[in-house]
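Student: I am new to this structure and would like to learn how to read it. Could we go through it together, one feature at a time?

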Amino acid sequence: MTDHAAAPTCLARPPWGPDDSPAGCAAARGAHGRPLHAAALKFFWGPMDCGKSTMALQMNHNHSRQGRRGLVTTRIDRSLGPQVTTRIGLAHEAIEVTDELDLVALVRDTWAEGVRVDYLICDEASFYDLAHIEQMAELVDSYDVDVYAFGLATDFRSQLFPAARRLFELADEVARIQVEVLCWCGREGLLNARVVGGRVAREGQQVVIGDTTDSTDVRYQVLCRRHHRAGELGPES
């Protein structure tokens with residue numbers, strides 16, 4: 001007698017339309033109840049200028065090319081608009097993450113409109129609230145939606161952002177982005193210095209919008225640990 005495997009059954013997501021087969025549901029389970037695809041929460045981090053937003057947009061592009069459907073979110077992008085922008089000129093519209101936004105409700109509401117959501121790209125994740133990080137984990141564990149978060153690890157004082165700390169604690173995978181950023185001295189750039197009035201700031205609000213150009217009142221510069229601690233910005237500063 002042949003023991004045929006039971007047809008996959010979607011346990012987390014709503015049934016799709018005629019264009020989506022049951023086998024394509026990321027929450028489908030086989031005969032033994034094991035997931036055919038297990039979603040994951042992944043956190044990609046690094047200092048400024050290492051290409052976090054570029055990688056986020058590239059990942060969104062790669063997944064969408066394979067027929068997956070996702071949402072792109074951001075918070076306090078350098079453009080101050082609802083989009084993900086990069087310093088090499090790439091941009092993509094995005095959903096602005098406010099204090100009131102519930103990521104789980106966002107996905108469920110999108111499903112209710114008949115739009116499939118397979119994954120979330122969450123840029124500038126270090127600026128999200130702790131509640132948003134918990135919602136990311138819930139989307140992965142209860143709804144089998146992949147979540148890819150990108151952001152800084154530490155602030156201008158070299159202290160972990162609360163959201164980044166929680167991502168380090170909860171993420172299935174944590175990866176430092178390997179694009180090398182250099183300090184002015186040639187050593188590897190590790191820390192993000194806030195420069196106000198030509199000096200490295202040591203006090204102030206954790207999040208202050210600025211850029212890496214000298215023309216702004218508040219700017220940021222990547223330094224090695226030695227020169228971040230010493231507050232030395234280089235001979236041309």
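Tutor: Let us begin with a pair of strands: strand S4 (residues 70-74) and strand S8 (residues 119-122) pair in the parallel sense over four bridges, and within that pairing valine 72 stands opposite isoleucine 121 in S8. Helices (H or I, at least four residues) and strands (E, at least two) are DSSP runs numbered from the N terminus, and two strands pair if DSSP finds at least two bridges between them. Residues are numbered from 1 along each chain as its sequence is written. This is a predicted model in which local features need pLDDT of at least 70 and side-chain atom pairs count only at pLDDT 80 or more, while totals for chains, interfaces and linings use all residues, and side-chain values use heavy atoms, with hydrogens and water left out.

Student: In what order do the strands of the parallel sheet lie, and which strands are at its edges?

Tutor: The sheet is open and has six strands in the order S7-S4-S8-S9-S3-S10, with parallel pairing. Its edge strands are strand S7 (95-96) and strand S10 (173-176), each of which pairs on one side only.

Student: Which strands form the antiparallel sheet?

Tutor: Three strands form that open sheet, in the order S12-S11-S13. Strand S12 (199-200) and strand S13 (218-223) stand at the edges with a single partner strand each, so one side of each is left without a neighbour in the sheet. Strand S11 (residues 191-196) is joined to S12 by two bridges, with valine 195 as the bridge partner of valine 200, and to S13 by six bridges, where valine 196 stands opposite valine 218. S11 and S12 also form a hairpin with two residues between them, and glycine 197 in the turn has a positive phi of about 65°.

Student: Is S11 largely enclosed or open to the outside?

Tutor: A residue is called buried under 20% relative accessible area, exposed over 50%, and partly exposed in between, using a 1.4 Å probe and the protein chains only. Five of the six residues of S11 are buried, so this strand is largely enclosed by the rest of the structure. Across the protein, buried residues make up 43% of the 237 residues.

Student: Which residues touch the most other members of the largest nonpolar core?

Tutor: A nonpolar core is a set of buried Ala, Val, Leu, Ile, Met, Phe, Trp, Tyr and Cys residues joined through side-chain atoms within 4.5 Å. The largest one has 50 residues, of which Leu120, Met136 and Leu139 touch the most other members, and helix H3 (residues 130-143) gives the most to this core, with six residues. Apart from it lies another core of seven residues, among them Ala193, Val200, Cys224 and Leu233. As for contacts, meaning heavy atoms within 4.5 Å, those of leucine 120 include Leu71, Leu103, Leu139 and Tyr148, when residues up to four places away in sequence are not counted.

Student: What do the salt bridges join, and how many are there?

Tutor: A salt bridge is a side-chain nitrogen of Lys or Arg within 4 Å of a carboxyl oxygen of Asp or Glu, and the structure holds nine of them. In one, the side chains of arginine 75 and aspartate 129 meet at 3.4 Å, N to O. Arginine 75 lies in the loop between S4 and strand S5 (83-85) and aspartate 129 in the loop between S8 and H3, so the pair ties together parts that are 54 residues apart in sequence. Arginine 75 counts as buried at 11% relative accessibility, whereas aspartate 129, at 28%, counts as partly exposed. Together with Asp99, these two residues are linked in a network of salt bridges.

Student: Which residue forms a salt bridge with glutamate 134?

Tutor: The partner is arginine 166, and the closest N and O atoms are 2.6 Å apart. This pair links distant parts of the chain, with arginine 166 in helix H4 and glutamate 134 in helix H3, 32 residues apart. Arginine 166 is partly exposed at 25% relative accessible area, and glutamate 134 also counts as partly exposed, at 34%.
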